[in-house]
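Dear colleague,

Please find below the structure I am handing over to you, with its sequence. My findings follow directly after it.

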Amino acid sequence: NHSVNELLPLLIMVDSSKVATSYMVYQIIEGEILTVDMDSRIFSETEMAQPSITRESLGIAYCLRKNEVFIRVHPRKTILFTDCSSLIFLSRASSHNMKYYEMSLFLSSFARLDIVSFPAKNMFLCDLGSRLFFDYTFKR
């Protein structure tokens, strides 16, 4: 991990699979990807049973909560790359479901956060992190 360069934006990738979620907070400095923070976690059995849209939202919330201080005090923009379908659903469902409404309020509380749709095939580092647990989870 490296210290955050306040002159550059923070970049975040989040990906969730059926069994886990993974994120990477990074900056690109002189053409190199420098990791600020990276983590993954296995979903609970209840979370694994949720639709993929819910698991993606859980992954975003996990990442933002773990890095909330970094993101809120960073003077530049933070760009979060994820599968946009979960966010489209979130905006539609927030008027019908309290959990999604709270998530949508939480996301809107980040003044300099932009959420961008990014093709899943390009999220290789987070994709790897969210799938590391397949064998472990299904062999228990």
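I begin with the aromatic residues. The structure, which is a predicted model, holds two aromatic pairs. In one of them, the ring centres of phenylalanine 106 and phenylalanine 110 are 5.1 Å apart and the planes meet at 85°, so this pair is edge-to-face. An angle over 60 degrees is what places a pair in that class. Both partners can also be described by their accessibility. Phenylalanine 106 counts as buried because its relative accessibility is 15%, under the cut-off of 20%. Phenylalanine 110 is buried as well, with a relative accessible area of 5%.

Phenylalanine 110 has a charged neighbour too: arginine 72 lies over the face of its ring, at 3.9 Å from the ring centre.

Turning to the overall fold, the chain contains seven helices and five strands. Their order along the sequence is β-β-β-α-α-α-β-α-α-β-α-α. Of the contacts between residues at least 6 apart in sequence, 66% join residues at least 24 apart.

The chain has 140 residues, and buried ones make up 40% of them. In soluble globular proteins, nonpolar side chains tend to be buried together. Here, the largest nonpolar core has 18 residues, of which Ile12, Val14, Ile60, Leu64 and Leu80 touch the most other members. At least two residues of this core come from each of β1 (10-16), β2 (20-29), α2 (52-66) and α5 (98-108). The largest share, five residues, is supplied by α2. Another core lies apart from this one; it has six residues, among them Leu11, Met24, Ile79 and Phe81.

As for the surface, the chain exposes about 7,900 Å², and carbon and sulfur atoms supply 57% of that area.

Finally, a word on confidence. The average pLDDT of the chain is 83, and 76% of the residues score at least 70. Among the elements, helix α1 (residues 45-48) has the highest mean pLDDT, at 95, whereas helix α7 (residues 134-139) has the lowest, at 52. Where pLDDT is low, the predicted coordinates should not be read in detail.

With kind regards

Conventions: Residues numbered from 1 in each chain as written. Predicted model: local features only at pLDDT ≥ 70, side-chain atom pairs only at ≥ 80, totals over all residues. Heavy atoms only, no water. Helix = DSSP H or I, 4+ residues; strand = E, 2+ residues; numbered from the N terminus. Buried < 20%, exposed > 50% of the residue type's maximum accessible area, 1.4 Å probe, protein only. Contact = heavy atoms within 4.5 Å. Areas by Shrake-Rupley, 256 points an atom, 1.4 Å probe, with all protein chains shown as cover. pLDDT = per-residue confidence, 0-100. Core = buried A, V, L, I, M, F, W, Y, C linked by side-chain atoms within 4.5 Å. Phe/Tyr/Trp six-rings, centres within 6.5 Å; stacked < 30°, edge-to-face > 60°. Lys NZ or Arg CZ within 6 Å of the ring centre and 35° of its normal.
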